[in-house]
Number of protein chains: 2
Amino acid sequence: MKTMILGGDGFCGWPTSLHLSQQGHDVLIVDNLSRRKIDIELEVDSLTPIAPMSTRLAAWNEISGKTIEFIDLDVAVEYDRLERLIEEYKPDCVVHFAEQRAAPYSMKSPKHKRYTMDNNLGATHNLLCAIVESGLDIHVVHLGTMGVYGYKNHGAMIPEGYLDVEIPLPDGKRIETSILHPADPGSVYHTTKTMDQLVFYFYNKNDAVRITDLHQGVVWGTNTEETRLDERLINRFDYDGDYGTVLNRFLMQATINYPLTIHGTGGQTRAFIHIQDTVKCIELAVNNPPEKGQPVQIFNQLTETHRVRDLAKLVADMTGVEMQNLDNPRKEAAENELVVDNKCLLDLGLNPTKLAEGLLDEVMEISKKYAHRCDKSKILARSQWIKK
Amino acid sequence: MKTMILGGDGFCGWPTSLHLSQQGHDVLIVDNLSRRKIDIELEVDSLTPIAPMSTRLAAWNEISGKTIEFIDLDVAVEYDRLERLIEEYKPDCVVHFAEQRAAPYSMKSPKHKRYTMDNNLGATHNLLCAIVESGLDIHVVHLGTMGVYGYKNHGAMIPEGYLDVEIPLPDGKRIETSILHPADPGSVYHTTKTMDQLVFYFYNKNDAVRITDLHQGVVWGTNTEETRLDERLINRFDYDGDYGTVLNRFLMQATINYPLTIHGTGGQTRAFIHIQDTVKCIELAVNNPPEKGQPVQIFNQLTETHRVRDLAKLVADMTGVEMQNLDNPRKEAAENELVVDNKCLLDLGLNPTKLAEGLLDEVMEISKKYAHRCDKSKILARSQWIKK
C-alpha cells in the first residue's frame with residue numbers, strides 16, 4: 001500500500017511514518033520542515049534532540065531495512081508540484097498532518113493568525129483539488145481535533161462527527177435528521193479545522209473523494225515502538241508555552257521542579273491520547289476507508305478524558321512538585337464536562353494505552369535525560385487570546 | 001457615518017456605494033478591480049458599457065455633489081495596507097463584497113477553485129484580523145448567499161441563520177438548542193461562504209466583533225435609482241455562462257431571440273431579489289448593527305422564490321422566445337422546494353420589489369439597447385462541476 005504522509009516530520013507525523021513503514025507501507029513523506037523553522041522563530045527547540053530528516057531516514061533504513069522517501073514541498077503553496085507528485089506517485093492513501101497545530105501560536109499576532117489560516121486551508125484545499133484533478137481514487141486521512149466540537153456542554157454525549165437532531169415544526173411534528181455536529185472553535189487554529197470539515201464535505205459530496213477525519217484529543221508521551229529503536233529516530237518533545245501539550249508540560253516541569261502551570265482554575269476537561277495510540281489509530285483509519293460514495297467518515301481519536309487540575313494533582317502527588325494557578329490566556333469556559341463517544345476506533349481494534357504511572361515515568365525519564373536542553377524562559381505561555 | 005465598501009466596483013458593490021453616498025454616508029470604496037480583470041480573462045464584457053472607476057466617481061460628484069473615495073487594494077493579499085487604512089479611516093461600518101461570486105467560475109479548473117478559496121477566505125480573514133488589531137468597534141456587513149443552506153429540503157422553513165433543534169437523549173428527554181443552520185454548499189464558491197460563517201462565528205465569540213451576514217438570493221435587474229441618473233453611472237450586466245444570473249440571462253436571451261437556456265429540468269427553486277432591494281437591504285443592515293457582544297446577526301436577503309422553469313415560461317410567454325433544456329453542468333438536485341423566512345429585513349422596513357412585467361421590461365430595454373455588445377459565443381455555460 002502506497003501512503004503519502006503530509007507533515008511527516010512533525011510530532012505525530014514522524015512516528016506515524018515509521019509505524020506505517022514498519023507495517024509494510026510504501027511511505028513517502030512530504031514536508032516543508034515548517035515545524036523546525038517555527039522553532040527557530042520562537043527561539044526554542046524540542047527538548048529531545050531530533051535528528052535532521054536525512055539522518056532520520058538513513059537510521060530507519062539501517063535499523064529496519066526499509067526505505068522512506070522524503071520530498072521537501074510546501075503543500076499549501078506549491079500546488080503544481082503537489083499535483084504532479086500525486087499523479088506520479090499514485091498513493092492509495094494520503095495522511096494529512098500538514099497544518100499548523102498550536103492554538104496559542106495561531107493567536108500570537110495578525111501574522112500568526114493569517115499564517116495559520118492560509119497554511120491550513122491552503123494545504124487542505126490544495127490536496128483535495130489535486131486529488132480530484134488526478135482522477136485517482138485516493139483515501140484522505142486527516143488529523144482534525146476534538147476542539148471542533150467546542151467545550152460548551154449541550155449535555156449530550158459528543159458523537160463521532162454526526163449529531164442526531166429533531167427539528168420541531170409549527171404543527172407539533174418533528175423532523176428527524178443527522179447533521180454535522182455544530183462547530184464551536186476556540187482559536188484561529190481550531191477555526192481552520194472546522195473549516196476543513198466544510199471543504200471535506202463539499203469535495204466528498206461533489207467528487208466522491210473518500211475521506212476519514214480523525215478528531216484527535218491532546219496527545220501525550222513522546223516515543224513509540226519505532227522511535228525508541230534508535231536515538232536518531234527520537235520524536236519531538238515540546239515543552240514551551242506555544243507547542244507544549246498540557247500533560248507533557250506538567251511532566252517536564254515536575255522533572256526540573258518547576259511549579260506546574262495551571263491556566264485558570266484547571267477546570268477544563270480535555271480528551272487525551274498517547275502517541276503510541278495515535279499511530280495505531282492512523283493505521284486503523286488508513287486500513288478502513290469508507291466505501292466510495294459514502295459520506296466523510298469521522299472518528300473521535302481519544303482514549304480518555306481528564307480535568308486539567310486532576311492531571312496536575314496526579315503529577316504533583318507523584319513527584320512532590322508545587323502547583324501554580326496562572327491567569328488563563330485563552331478565552332474559554334473555566335470549567336466544563338466532556339463525554340465523548342469513541343466507539344469506532346475501539347471497534348476497529350484499538351486497545352487503549354491509558355494514563356498509568358509507568359508511562360508517566362517514561363516521559364519523565366526522557367525529560368530528565370534531556371533536562372539540560374530546557375530553556376526555562378520558554379515555559380510560560382505568552383500568547384494572549386484577547387488583544388490588551 | 002463612515003462606510004468602507006470592499007468590492008465597491010462590482011455588480012452589487014457599485015450601486016450600494018452610490019446608494020449609501022446618496023443617503024449621506026461618507027463612502028470609501030476599496031477594490032482591486034478584479035471583476036473587470038476576470039472579464040479580460042474570460043474574453044467577455046459587461047453588456048452595459050461600464051465606465052472606468054475615475055469616470056464613475058467624477059460623474060457621481062458632478063451629479064450629486066457628493067464625493068466617493070477609491071483605493072485600489074487587494075483585501076485578500078495586502079494585509080498591511082488594509083490594516084493601516086482601517087486604522088486611519090476609522091470606518092463605522094465595513095460592507096464586505098470583496099469575494100469572487102460566481103459558482104461556475106469557481107468550478108472551472110484547479111486554478112479557479114484555488115483562486116476562489118484563497119481570495120474569499122483571505123479577504124474575510126484579513127478584514128476580521130485587521131479590525132481586531134485596530135481596536136475599533138466596527139460593524140461588518142457581509143454579503144453571503146442563500147446557497148449556504150443548500151437545496152436539500154429538510155422540510156422546515158429555512159430560518160434566518162439559526163435553526164432551533166432538539167437533541168434526543170437516551171433517557172427519552174430532549175435538549176432544546178439553537179444552532180447555526182447546517183451548511184450544504186454546492187460549489188467551491190458556496191463552500192467559501194459557509195467557511196466565512198465560521199470565521200465570523202469565531203471573531204464574534206472571541207473578540208466581540210459586530211457582524212451582520214446577509215444570505216442573499218439571486219440578484220436580478222441592473223439599474224437602481226442612482227445608477228440610472230447618468231450613463232456613466234451604469235451598473236454591470238453579466239449575461240455569460242459564468243457570471244450571468246439566471247433571470248437576467250433569460251431576459252437578455254429573449255431580447256436577441258436566443259432560446260432560453262434551462263439547465264436540467266429547470267426544477268430548481270431559488271430565492272430572488274431585485275438589485276434595487278439589494279442596496280436598500282444593505283442600507284437597513286448598516287443602520288441596524290447588532291448590540292456589542294451579541295451573536296452574528298443573520299438576515300435572509302430575498303423577496304420571493306421561483307422555480308427556474310417558471311421564470312423561463314414567464315419570459316417565453318412575454319416574448320415568444322423558445323426554451324431549450326440543456327444538460328445541467330452543476331451537481332445538484334433536479335427539483336427542490338424552498339421556503340425561506342425573510343421577516344427580519346421586512347420588519348426593518350424593506351418594501352419588496354417583486355417580479356413584475358414593468359421591471360422585466362426595463363431589463364429588456366437595457367438588453368435591447370446594448371444587444372450589439374453581446375458575444376453570443378459566451379452565452380452557454382461551459383464550466384463543469386465534475387471532471388470528465
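What is the order of the strands in the open sheet of three strands in chain B? The order is β9-β11-β13, and the pairing is mixed. Before I go further, please keep in mind that this is a predicted model.

Now the edges of that sheet. In chain B, β9, residues 218–220, and β13, residues 304–307, each have a single partner strand, so each has one side without a neighbour in the sheet. From one strand to the next, the twist averages 45 degrees.

Next, one pairing within the sheet. In chain B, β9 runs parallel to β11, which covers residues 269–274, and three bridges join the two. If you want a place to look, find B:Val218, which stands opposite B:Phe272 in β11(B).

A:Leu33 is not a glycine, yet its phi is positive, about 60 degrees. Is A:Leu33 buried or exposed? Its relative accessible area is 19%, and the cut-off for buried is under 20%, so A:Leu33 counts as buried.

In chain B, the loop to find lies between α7, residues 188–207, and β8, residues 210–216, and B:Ala208 sits in it. B:Ala208 is a residue other than glycine as well, and its phi is positive, near 55 degrees.

That is what I have for today.

Methods
Residues numbered from 1 in each chain as written. Chains lettered and ligands numbered in written order. Predicted model: local features only at pLDDT ≥ 70, side-chain atom pairs only at ≥ 80, totals over all residues. Heavy atoms only, no water. Pairing = 2+ DSSP bridges. Helix = DSSP H or I, 4+ residues; strand = E, 2+ residues; numbered from the N terminus. Axes fitted to C-alpha atoms, helices over the stretch in contact; angles between N-to-C directions. Buried < 20%, exposed > 50% of the residue type's maximum accessible area, 1.4 Å probe, protein only.
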